[in-house]
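This briefing goes through selected features of one structure, grouped by topic. Keep the sequence and the 3D view at hand while reading.

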Amino acid sequence: MPSLRKWLFSGLLVLVPLIITLWVLEWVVSTLDQTLHILPVSWQPDQIFGVHIPGLGVVFALVVVLSIGALASNIIGNRLVNWWHALLHRIPVVRSIYSGVKQVSDTLFSEKGNAFRKALLVEWPHEGMWTIAFLTGSPAGDVLRHLRGMPGAGEHDEFLSVYVPTTPNPTGGYFVMLRKSACVELQMSVDEALTYIVSMGVIVPGGPRNPQFRVVTPPVTPPAS
C-alpha cells in the first residue's frame, strides 16, 4: 500500500499540470478560432479546405492585431485612432466604460508603464504579517493630499499604490495605498513572485522547488512519581 500510494501521487504530479496546461491551451485555441467567423463564409478555412484545422484562428487573430498595431503606428492611423477615441468619449454610457478600460490597458500594456513591474514585501493584513504585493503606481491629486493629511503623515511623505493578490488565485486581491517607507522592494521578477504566490510558498525563488518539512515533536517528560 505505501508503494501504491507513492505511485499514485507521483502519477498525479505528472498528469495534473499537463492536463490543466492542455485544457487551457485548448480553450485559448478554440476561443481564438471563433474569430474566423467574422470572415465571409466563402473565405473561411473550413469552406476552402473542407476540413477544420485547429489553430488557424490564432494565426488570424495575430495577423489582425499586428495589422491594427502597424496601422495605428503611422500618422494616418494615429489620427483615425484618435478620432475613434473622441467618438466613443461622446457616447454617455460607453464613455465611462471605455475610458476606464483604456486607462487600465494603457497602464498594463504600455512600454512606459510600471504596472506589475516590481514585486514588493508589505505588512498585510496587519503589523507583523508579511505578504507579496505588486507596485501599480503612485497616488496623486486629491487622494495624495488627503493621505498626507492623515495623522502621523507629513506633507512630503511618499505613498505607493499597491495590489495585494490572494492565494492561490492572484486574479483577486486588494488595492491599497501604503507609505513608500513601509514597502520593501524585492530582488525577484514579477513571474517569480506570481509563482511564489500561486504555489502558496512551496516554490521559493532561488530556493529548492520541493522543500521537505519535518515536524519535530518535543520529548514528553514523564510525570514525577
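D142 is partly exposed, at 45% relative accessibility; buried means under 20% relative accessible area, exposed over 50%, and partly exposed in between (1.4 Å probe, protein chains only). The model is predicted, so local features need pLDDT of at least 70 and side-chain atom pairs count only at pLDDT 80 or more, while totals for chains, interfaces and linings use all residues. Residues are numbered from 1 along each chain as its sequence is written, and side-chain values use heavy atoms, with hydrogens and water left out.

**Salt bridges**

- The structure holds three salt bridges, each being a side-chain nitrogen of Lys or Arg within 4 Å of a carboxyl oxygen of Asp or Glu.
- D142 takes part in a salt bridge with R145, at 2.3 Å from N to O.
- Both R145 and D142 belong to helix α6 (residues 141–148), where they are three residues apart, about one turn of the helix. Helices (H or I, at least four residues) and strands (E, at least two) are DSSP runs, numbered from the N terminus.
- An α-helix has 3.6 residues a turn, so residues three or four places apart point the same way.
- R145 counts as exposed, with 55% relative accessibility.
- Another salt bridge joins the side chains of R179 and D157, at 3.6 Å from N to O.
- R179 lies in strand β4 (residues 173–179) and D157 in the loop between α6 and β3 (159–165), so this pair ties together parts that are 22 residues apart in sequence.
- R179 is partly exposed at 31% relative accessible area, and D157 is partly exposed at 23%.
- E158 and K180 also meet through their side chains in a salt bridge, at 3.7 Å from N to O.
- E158 sits in the loop between α6 and β3 and K180 in the loop between β4 and β5 (184–185), so the pair ties together parts that are 22 residues apart in sequence.
- K180 is partly exposed, at 43% relative accessibility.

**Helix α4**

- Helix α4 (residues 75–88) has 14 residues and reaches 20 Å from its first C-alpha to its last. That is close to the 20 Å expected at 1.5 Å a residue, where the expected span is 1.5 Å times one less than the number of residues.
- Which residues of α4 are buried? They are G77, H85 and L88.
- Seen down the axis of α4, the buried residues fall within an arc of 80°, so they line one face of the helix. The arc is that of the directions from the helix axis to the C-beta atoms.
- The face turned away from the buried side of α4 carries the exposed residues I75, I76, R79 and W83.

**A nonpolar surface patch**

- L8, F9, L12, V16, I20, W23, V24, W27 and V28 form a nonpolar patch on the surface, with about 880 Å² of accessible area together.
- Patches are made of residues with over 30% relative accessible area and no salt bridge, with like charges joined within 9 Å and nonpolar side chains (Val, Leu, Ile, Met, Phe, Trp, Tyr) within 5 Å.
- Accessible areas come from the Shrake-Rupley method with a 1.4 Å probe, and for residues only the protein chains shown count as cover.
- V28, one of the patch residues, lies in helix α1 (residues 2–33) and is partly exposed at 33% relative accessibility.

**Residue S199**

- S199 is found in the segment after α7 (190–198).
- S199 is buried, at 13% relative accessible area.
- The side chain of S199 reaches the backbone nitrogen of I203 at 3.1 Å.

Notes
Polar contact = N/O pair within 3.5 Å; in protein donor to acceptor, adjacent residues only side chain to side chain.
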